Each structure stands twice: as structure tokens, then as C-alpha cells.
Amino acid sequence: MRNQLPALRAARGMTQANLADRLNVSRQTVNAIETGRYDPSLPLAFAIAKLFKCRIEEIFEP
Amino acid sequence: MAQAEAAPVKYAGRSYLLEISFVTALYVAAVWFRPWLIAQAASHEMKLAATVLPALPIWGMFLVVWRYYRRIDEFERQRFLEVIAIAFGVGSCLVCTYSFLADAGLPQLAITWAWPTLAVSWAITGAIFHIARR
């Protein structure tokens, strides 16, 4: 699944570690989502969307 | 699952290392003192308790692994379960293969070898996956 996470994160000047802390996941998990190696669960996708004040479909696309 | 209210995921590995080191030390101590405790046992019940003593830290290890699993995030859990499934499959096959070889004359090993075999298989599989996923 493609996503806009790297762009959204960069626009806010956040590192993967910063984002991981905010979501309470590991940095490896953020990296895996950004590179498309892992599709997050709905609760995590909602948490990401809430953090960036976006809708899920604005961040993730099939 | 997002874990905003849970303990920070980033400390899961550190907590695991501390806890597993502690129960491993308990296990070594239990194995070390076991013969002395058996020799000192005054009753059959005391001897039985001394004999089974090293099994308690083994249960502790299981608890530590479970606590680690509960602390990590969803992606880490997926990888954890993948490694454990492959490792225990390989370990079970190794134990089974050796049991057939033992029928052909190789030394019979006690059933207590099953757990170290699975543990070593788990450690090796984990290390291989860790390197491969970099």
C-alpha cells in the first residue's frame, strides 16, 4: 500500500523516531510502513491520520 | 494496534533483556544448587521440590517472553510470531529427526533436551531474520 507518510512527516520536520514516539510504535515499524513493507492496522492508521489531521484515504492508497 | 496509553514500546527490548537475564541467572543458580538441595532433603516431598526447582525459572522465562510480546507493537508482534513459528517448526523437526537417529544407535537424549533445542533454534532463526530484514 502506497502512502504519503514520508512527505507528511518531512513537512512537519519529524524524524522516524519522533513519529514512532508519538504513535508509541518502534522506529522500525514507522520505516516498514513508509517503505510499504507493512500495512498498519486500522487503529494505527486512524492514529496516524489523527496525528496529521488528515483522513486515512489522504495518507494511504491501495 | 495503536498503543498510546500503553508503556512506551521503545523500552520493550531493554526490559526484556533485564528480565530474561534475571530469570536466566535464577535458572543457573537453581541448576547449580539442585544436587546439594536434593542431598539435603529430609523428606520425599522436599526431594521432589528440590528436583523440580529449575523448572520454576523456565516458567519465568515463558512469562518474560509473554510480557515482551505484550509490550511490542503490532508490526514487531507479526515478525515475532513469524520467527517463533519457523523456529519451533525447525526445532520440532530436529528433535524428531534425532529421535529416529537414536533408534539407529546414537545416544538417547533426555526429554529435557527438547527445550534447549527449541530455544537455540529460536535464537538462530531470530538472528538470521534480523540480519535479512536490515
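Student: In this predicted model, how are helix 2 of chain A and helix 3 of chain A oriented to each other?

Tutor: Angles of 65 to 115 degrees count as roughly perpendicular. The axes of helix 2 (residues 16-23) of chain A and helix 3 (residues 27-34) of chain A cross at roughly 110° and come within 8 Å. The two helices of chain A are therefore roughly perpendicular to each other.

Student: Which residues of helix 3 of chain A make the contact with helix 2 of chain A?

Tutor: Helix 2 of chain A contributes Gln16(A), Ala17(A), Leu19(A) and Ala20(A). By class, the contact has 4 nonpolar, 3 polar and 1 charged residues. On the side of helix 3 of chain A, the residues are Arg27(A), Thr29(A), Val30(A) and Asn31(A).

Student: Turning to chain B, how many helices and how many strands does its secondary structure contain?

Tutor: From the N terminus on, the elements of chain B run α-α-α-α-α. The count for chain B is accordingly 5 helices and 0 strands.

Student: What is the radius of gyration of chain B?

Tutor: The C-alpha atoms of chain B fill a box of roughly 55 × 40 × 20 Å along the principal axes. For a compact globule of 134 residues, a radius of gyration near 14 Å would apply. Chain B instead has 19 Å.

Student: What percentage of the residues in chain B are buried?

Tutor: A residue is buried if 20 or more other C-beta atoms lie within 10 Å of its own. Among the 134 residues of chain B, the buried share is 10%.

Technical notes: Residues numbered from 1 in each chain as written. Chains lettered and ligands numbered in written order. Predicted model: local features only at pLDDT ≥ 70, side-chain atom pairs only at ≥ 80, totals over all residues. Helix = DSSP H or I, 4+ residues; strand = E, 2+ residues; numbered from the N terminus. Rg over C-alpha atoms; globule rule 2.2 N^0.38 Å. Buried ≥ 20, exposed ≤ 12 C-beta atoms within 10 Å, placed from the backbone. Axes fitted to C-alpha atoms, helices over the stretch in contact; angles between N-to-C directions. Parallel < 35°, antiparallel > 145°, perpendicular 65-115°, else oblique. Contact = placed C-beta atoms within 7 Å. Nonpolar A, V, L, I, M, F, W, Y, C, P; charged D, E, K, R; others polar.
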